[in-house]
Amino acid sequence: MLQSNTQAHVASSGDTAGRFASRYVSRETLTWVFFAQGVSIVPLFFFLPFWLAVIWVAAVLLRVQIFRGVWPFPNTIVKFIFGSLGIVGLYFSYGGRMGVDPMIGLLVLAFVLKLIEVRSRQDVLIVLYIGFVAIAAQLLMAPNFWMGLYGLASCCVLLSALQQVFQHRRVSTKLRLWSGFSILLQALPVMLVLFLVMPRLGQLWAVPSLTQTGKTGFSDSMSPGDFSNLIKSDAIAFRATFGDSRIPAPRQRYWRGLVLETFDGKAWKRPGGWYSVTANSLPSDQPNPGWNLFARNSEGDLVSVDSALSDETSFRYSVLLEPHNYAWLFTLVAPVEAYSATLRTRFSPDVLLTSQVPVTSRSQYDVISFENYRFGSQSLSSKELTRNLKLPQQGNPRARAMAERWRNQNLPSDLIVERALAYYANSFTYTLQPPLLGDDPIDDFLFSTQRGFCEHFSSSFVYLMRAAGIPARVVLGYQGGEYREAGRYLVVRQSDAHAWAEVWVAGRGWTRIDPTAAVSPLRIERALFETVNRDESSLVGGAFLRLNALAWLGQTKLMLEEWDYLWQTQVMGYDDHAQSGLLERLLGGRDPWRIALFFVLGVGAPLMIYYLTGVLRFSSREYSQELVHLRKVFRKLDKAGFPRRQEETPHDYMLRISKLRPELGPQLRKIVTLYYAIAYGAKCTRLDDLRVACRQFSAR
């Protein structure tokens, strides 16, 4: 009798433990919640205030102490205080501004604080479901290839944690992760079909971020030494894809960004400071008639815009621009047409392509540019003429005197330009480590140091031209680009940043003059690290990866950049236009019935395969021996008119039958107790006892 009661207690305890596990959070489940939550939000801490990470660590420690019974669950007042302090912290961290970052910070704060009040399985499910929203936030903050892979890994961990909530048997971490990964693999075909056919609403993740500032690139001013930091950066500024169009030769790869016309004796600046779209700017689908744009045709004659717009005289390309937090865009000169699905582009009077808002996320735009051009050839307005001839009243007397001599000789503008370029070519040295300049930087550079970088040459050249009575200005942008044959595109890096000059000559208009090319012609034809000596090549960003000993590392880096580029163009850039072309090729049209049929077959076929696989798998499943014997007893009871209910456990079934047929109670209790001991207690030696008890059982 004592043994019977003990066995009944074991069976009852096992069933109670199952009900307890379904209502309360076990140690294993809580561990998986910590792991899944950490994987989901750790990348966000790189973009959010650091104190949110501290709060998360504190919440994990607090929840551990609650689980151990050291501390109680916080009451409503305590949770309200913590939530209010977090909101106040976010308010002051972002200065009261609204945007994506504060909203994601609020999500993470709620996600973290929810952890300390997790009591039941329902609470765990809420935490894990919020984790999937956090994965979407990852792509909002960093929409790149690597974050996409990390997001898939995060989904795998969350799915594994969800399985742990509903499974109470101990399973190894490796097996649990593999189970989550298999679920993710099964969902991929459906995800792919939805990605291909669902209407494209634009890049919802490409929204301005308060933390995505211009970390690289130049600002709207230039002074000697500003480019020294840029040449050390190997970061990508933008990529230009040419598709079926011609690839410009290295000497033609001048990517024009902005024009500087004001000089205060030290630095060149834009007139009016921050770049804004002026009233006389035009949409980028119609060039400004005041440009007086002309291009040379295949015979070398100057023709109008409409006549020159052909594959032989123009470049057609698409630019994938990295965020730089400014409004200017980069194009080959001279752009005549531009289009962007994500940016509102405009042409400025300076023949520049600009955005109406700062570029704070990766953006793409298509451009058509002339190969050879002239613009503004008729005349300059009085304001333009004054602005591009103006110099400070004092300073740099020797440069003024030399330019004055050229001017007094009544030399034509072309000859003055040639003399200046010859002076640079005969006496100057191109170097990445120029010496410091004094109070008269132009004089010091032209007549003392004569060693400099592109900003030294362009700045001093424009100064000389203005002093000689020739309108001139400084242009900032990039020169060059590393060609990738596989995708027919150019990679332009921050180390390709360049400054040159434009001079205005009556009858010819604005013409590009690059004094750096007169000093170092190789700079225009080759990469920067190839044009300087070995001692200075180490200063160029990424140059050390080109060394023979590290060539494999450089190739690996290029391959990773290639994958990221494919992600941006083929996945993130999959817009309505790309979808239309793909569906035309796959289905032969975009008729609703074609798309509906593709959707039904594409989603229905995988679901049917999953269903049939499950049917075949579980129909042929071999049950354990103890379960086979127990099912024989249940079938006997079913034939006797006492079928088992679907929600009943073996223990509950035994209790109900014992009340209805008390004479069957002792036998059933013994059978169920033996089953629990074998199935959950690993007492396989009792299998013979169970087989005998089941064979002897009779429900009559």
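Salt bridges come to a count of 23 in this predicted model, a salt bridge being a side-chain nitrogen of Lys or Arg within 4 Å of a carboxyl oxygen of Asp or Glu. Local features need pLDDT of at least 70 and side-chain atom pairs count only at pLDDT 80 or more, while totals for chains, interfaces and linings use all residues. Residues are numbered from 1 along each chain as its sequence is written, and side-chain values use heavy atoms, with hydrogens and water left out.

Start with D123. D123 pairs with K114, and their closest N and O atoms lie 3.8 Å apart. D123 counts as buried because its relative accessibility is 15%. K114 counts as buried too, at 16%. The cut-offs are these: buried means under 20% relative accessible area, exposed means over 50%, and partly exposed falls in between (1.4 Å probe, protein chains only).

Now take D564 and R239. They form a salt bridge with closest N and O atoms 3.8 Å apart. This pair links distant parts of the chain: D564 sits in helix 19 (residues 551-572), R239 in strand 2 (residues 236-241), and 325 residues separate them. Helices (H or I, at least four residues) and strands (E, at least two) are DSSP runs, numbered from the N terminus. Both D564 and R239 are buried.

R594 and D591 form another salt bridge, with closest N and O atoms 2.7 Å apart. R594 is partly exposed, at a relative accessible area of 24%. D591 is partly exposed as well, at 32%. Elsewhere, salt bridges that share partners join R256, E261, D350, R387, R473 and E502 into one network.

Next comes helix 2. Helix 2 spans residues 27-41, has 15 residues and reaches 21 Å from its first C-alpha to its last. That is close to the 21 Å expected at 1.5 Å a residue, where the expected span is 1.5 Å times one less than the number of residues. Helix 2 is mostly covered, with 11 of its 15 residues buried.

R631, K632, R635, K636 and K639 form a positive surface patch. Patch residues have over 30% relative accessible area and no salt bridge; like charges are joined within 9 Å, nonpolar side chains (Val, Leu, Ile, Met, Phe, Trp, Tyr) within 5 Å. Lys and Arg count as positive and Asp and Glu as negative, with His and the chain ends not counted. R631 lies in helix 22 (residues 625-639). R631 is partly exposed, with a relative accessible area of 36%.

Terms used:
Areas by Shrake-Rupley, 256 points an atom, 1.4 Å probe, with all protein chains shown as cover. Charge placed at Lys NZ, Arg CZ, Asp CG, Glu CD.
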